[in-house]
Amino acid sequence: MRLPKLAIENHQFTTIILFMLLIAGLSSFMTMPRSEDPLIEPVGTSVIVVFPGATPADLEELVIDPVESSLNELDDIKEIESQAEDGLAITTIEFLPHCDPDEKYSDVVQKVNSIRNDLPRDILSLELLKWSILDVSILQMALVSDSAAYRELENCADELKERLEKTSGIKDVKLWGIPTQQVRISLDFAGLARRRIAFNHILQSIQDANANIPGGYIDIGSRRLNIKTSGSYQTLDDIRNTVIKSSNGKNIYLSDVATVEYDLEDINYQARADGRRAVFINVQQKAQTNIFSIMKALQPKLYDFKNSLPKSIDLEIVFDQSKSVSRRLNGFFINLLQGIVLVGIVIFTAVNWRASVIVMLAIPFSIFIAIGFVDLSRYGMQQMSIAGLVIALGLLVDNAIVVTENISRFLKKGYSHLDAAIAGTVQIGWAIVSSTVTTVLAFIPIILMRDMTGDFIRSMPVTVVFTLLASLLISLTFTPFMSSRFLKRPQKSKSRRVEALLQSFIHNRYQPALQKALNRPKTVLALVFFVFLCSLLLFNFVGFSYFPKAGKPMFFINIDLPQGTGIDATDRVVREVESYLDRQPLVKNYASNVGHGNPRIYYNVVPERTKSNHAQIFVQLKEYEDDSFTALLQSIREKYRSVPGAKIKIKELEQGPPVEAPIAIKILGNNLEILRQTAYDIEAMISGQAGTINITNPLRTSKSDLRVDINRDKARMYGVPLTEIDRTVRAAIAGLEVSEFRDTEGKEYPIVVRLATDKPNRLHLFDDIYITSLAGAMIPLKQLASIDLSASPLEINHYNLERAVTLTADVESGYSVDRTTRRIIEKMEDYQWRRGYHYFVGGELESRQESFGGMFKAILIAMITIFGVLVLQFHSFRQPLIIFSAIPLAIIGSVLGLFFSGNTFSFSAFIGLISLVGIVVNNSIILVDYINQLISKEDLTVRQAIVEAGRIRFIPIILTTATTIMGLLPLTLIGGSMWAPMGWTIIGGLLVSTFLTLIIVPVLYKLLTRRHAPIHKGK
C-alpha cells in the first residue's frame, strides 16, 4: 500500500484536499435542507368521485367497478382498494415501490380519462390525487373570532394567504374551515305553481341572462372598435330583475318568486381553536428547502399581519413544525456531542494526549466530509441522517485508533517518526481497508431496499457509508501525517494507568484463559454453541414489533357517530370533549374539526374527508413526559369509553411509514349480508382478546335513508321525465348550482337555486315541491312518488377487486401487537368460514412482514458480499469462516441486550443487527490478519502466533469496541423509543462478541488452520 507514504511525502497537497472537503462539508451543513422526518414519496394515486345522491350500491356499480376494471390493466400494481359511501367513491391504487411516481400517475390519468364518458353524466366532480408527503403542513394558524362574519374571516385569510405565498420555499397555502359563500336564490315553489312557471324555465332564464358572449369587433375607417353585448350580472339587483316570464303585457321578475341574497352553503365543516370559532391557514413547504429559513422569513410577515387585524379577529399559531424539528434535531446533536465527549474520554484515558488529539481530529473531519456527500446525494438533515452520524461516530475512530497504536508500537521498536508512520500504517492498511469495506457492505443492501420502509430509512445507511469512507481516507492519509509530526516516542518507564490496567488484565486473566481454551477447543466451542441456542430460545420472550410511538407531545382524538348523524349532533359531542380538555393543565392548545379531519400535520396521518358524523381534535401538550402523557391519554379513554352512540378514540403519533392500524383484518366475500355477519363474529373475537381497544367495524350497523320512490307509470302518464324529478328534488333540498356571479372586486360566487326555507331537513319540504310536465302542467311531487324510509349499507369496500370489510383495532400500552394479532389469527383459523369467504391480515403485521422480508434479504446479501471480500483478502475459505464466527456471538449479545433492556425486536433493532454483521467482523479481521503476518514473517508456530496476536491486538480491539459503545450510548439511553432497540442490539452484540471473539477466533484458527497459514502480506 503506497497511499500513506504518498500522503506524508506530499503533505501540502494532502492538507489542501482534506481542508477543501472539510469546507465543502461545513458549507453543506449550513445550507442543506432541514426537516423532522425523511421525505418519502409513496407510489400511488387516489381517484375521488363526488356523485351527490348516489347510494353506496349505485356508486359500486356505476363508478367503482368500471374504474377498478380499467386500472387493473396497469402493470406493477401492489393493491387496489375502493370505498363507496353516500355520494362519494374513492378508489386508491398503490404500485410497487421501485416504480416512478410521475410515470404511474400519468398511466392512471390516461386510464381514467379513457372511461370518463362511460361514467354517469351527473357526477359533480372527478379528482385524481397523486400521493405525496409534501402535503404535510409545516405551520397551522387559526384566525379566531366569536363575532366576525365568515365573509370577513375569509377576506382576512385570503390576504394572509397572498402575503405568505410570496415567501421563498413555500409550496402552497391552504384555507380550511371556510364555508363557501354563494348567491342563493330561494324559490317559492308554490308561487311558481300558481304562475305556472316551469322550474327548468327559471334555470334557463338565469343562465341566459348571465351569459357573456363577445360581440366581436367592427372596423370604422382606420379604427377598430370592440362590440360589447349585454354581459353578465354586475350586482345582485341585476339577478333580482331577471325576467322569467311575460304574461298579459306584464313581466314577472325573479324577485317576484324568489329572494336573492348572499349566503353560506350548508355548514358541513366547523373549525375551532381552543373552543373559539376559527378558520385554519396551513402552510406547506417545498422539497429540498430549509424549514428554519422559511420560518425566519415568515415571522415578520405574520407579525405585521397580526397587528393589522381588526380587534374582533385574532391570529393564533396552532402548530409550528419548526419547533418540533428544532427539538428533535437538537436532541440528536446533543446525543452526537455527548457521544463525542464519551469517545474522547475513552481515548484520552487509554492513550497519551498527543495520540488522543490525532484520533479525535478524525471525528470532525470525517463527519463534515460525509455531510458534504450526503448533501450531494440530495438528502437533508433529519432524524435518520443524524442517527447515521451517531452510529458512525464510534466506528469512524476505530481506524485512527488502530493506526496510531500501530505507529506507536513501531516507534517503541526504534523506527524514526517518518518510517514508523509509514511502516505502521502500511502494515495495518489492508486490514483496516478490509474491515471498513465489510462494514460498508453491511449497509449497502439497506440502501438498496425498494419499499416504503427502505425509502424512510435510506438516508441513515447513506450517511454511515459516507462517514466510514471518509474516516478510512483520514486514517490512511491525515492520521499518519499527523503522527509523523506530533507523536512522541513512548517511554518504557511511563505507562498510563488505564493502559497498565489493561496490560495487567492481559497478563493475569486473558492469556491464561486463552491458553486453557486452546487446550480444550472442542469443549469451549460446544459451550458457546449451547449458549447460542439458548439465546435463540430467549427470542420468544423478547417479541416482535414494527415501529414505536413517536414520543411527541401531541395526539389526535377521533370522534365517530353512526353514519347519517348530522353535524350538529357531532358538534355536541365535540364540545363535551373540549370542556374536558379545557380542565387539563398539561394541554397547551387544541384544534377542533367537526365534519372533517384536521389538516395534515404529520407525514403518516392522512385526514378524513368531509363526513358529518366524524370529528377530529388535534391536541398539543406543554411538554412530553412519558408517564404524564400516558396518564392523560388513559384518563380520556376511561372517561369516554362508553359514550352512547359515539366512538371516541385516541390516535398517538407513530414512527415509520403509514399503517392503517396496528391490527387490521380484511374479510373478503361477495354477499354483503354474509360479510356483515362474519364481520360481527370476528369483531367479537377481537374484542375478546385482552389488550385490544378502539375496535372499528364499518358493517356493525346499517343506516336509514329517505327514498323518493317514483311511480314510473304515473310519471310516464303525466309526461314527466325521470331526470326532471331528480333534478327538481335535488334543487329543492340540497340546492343546484346554475351559474356564477362575479362581484366588482372580481371575486366569484356560485349561484345556487333551492327551495325557500330555514329548515331544509324537515319532511314537510316534500309537500312544497312541484314538478313540471312536458305539457307545462305543475304536478305535486307526492302525486308521482312516495317518500319511504329504507335501510342501506353504511359503505361498500373493495380490496383487490373483491368486496371486503376491514376491521381495525389498536393495542393498549404494555401489550405486544405481534402476540395479540397472532392470538386473533389462531381464533380465526378455528372459525367456520363459508365457502368463498376468507380473510387477509393487514396492519402492522403485514407491513412488518414486508419490511422484515426485505431486511432478511439485505442481511443475506451483506453476509455474502462480506464473505466474498474476505475470501479475496485471505485467499481462503476457512479463514473467512473463522471471522464469521463473530456473527452468532453477536446475536447472543443482541438478544440479551434486548431482553434485559425490555425492548422488542423492532425494525430499528433489525437495522442494528445488520449493522453488527459489518461491525463485529472487524475485530476478527484485525486478529486473523495479524496472526497470518506473525506466521509468515516471524516464522512462529500457529499457537505462538495466536497467543502473541491476542496480546498485541487486545488493547486496540477493546478500545475500538469501547468507542463504538460510548458513541452509541447517549442515543440509546435518551434518544427515544425509536433508537433504544437499535442501540441495545449493537451494544449487547458488541460486548459479548468482542470478549468471546478474543477466545473463539483463536480456538477456531487453531482447529481449522494447518501449521503454516496462507501467506497474507497485506500488500
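Analyst: Glu 654 is buried in this predicted model, because its relative accessibility of 17% is under the 20% cut-off. Its side chain meets that of Lys 549 in a salt bridge, with N and O 3.0 Å apart. Lys 549 is partly exposed, at 33% relative accessible area.

The structure holds 32 salt bridges. Another one joins the side chains of Arg 953 and Glu 405, at 3.8 Å from N to O. Arg 953 belongs to helix H31 (residues 942-974) and Glu 405 to helix H13 (residues 383-412), so this pair ties together parts 548 residues apart in sequence. Arg 953 counts as buried, with a relative accessibility of 1%.

Asp 571 and Arg 575 also form a salt bridge, their closest N and O atoms lying 3.0 Å apart. Both residues are in helix H20 (residues 567-582), where a spacing of 4 residues amounts to about one turn of the helix. Asp 571 counts as buried at 9% relative accessibility, whereas Arg 575 counts as partly exposed at 42%. Through salt bridges that share partners, Asp 571 and Arg 575 join Arg 272 and Glu 578 in one network.

Technical notes: Residues are numbered from 1 along each chain as its sequence is written. This is a predicted model: local features need pLDDT of at least 70, side-chain atom pairs count only at pLDDT 80 or more; totals for chains, interfaces and linings use all residues. Side-chain values use heavy atoms; hydrogens and water are left out. A salt bridge is a side-chain nitrogen of Lys or Arg within 4 Å of a carboxyl oxygen of Asp or Glu. Helices (H or I, at least four residues) and strands (E, at least two) are DSSP runs, numbered from the N terminus. Buried means under 20% relative accessible area, exposed over 50%, partly exposed in between (1.4 Å probe, protein chains only).
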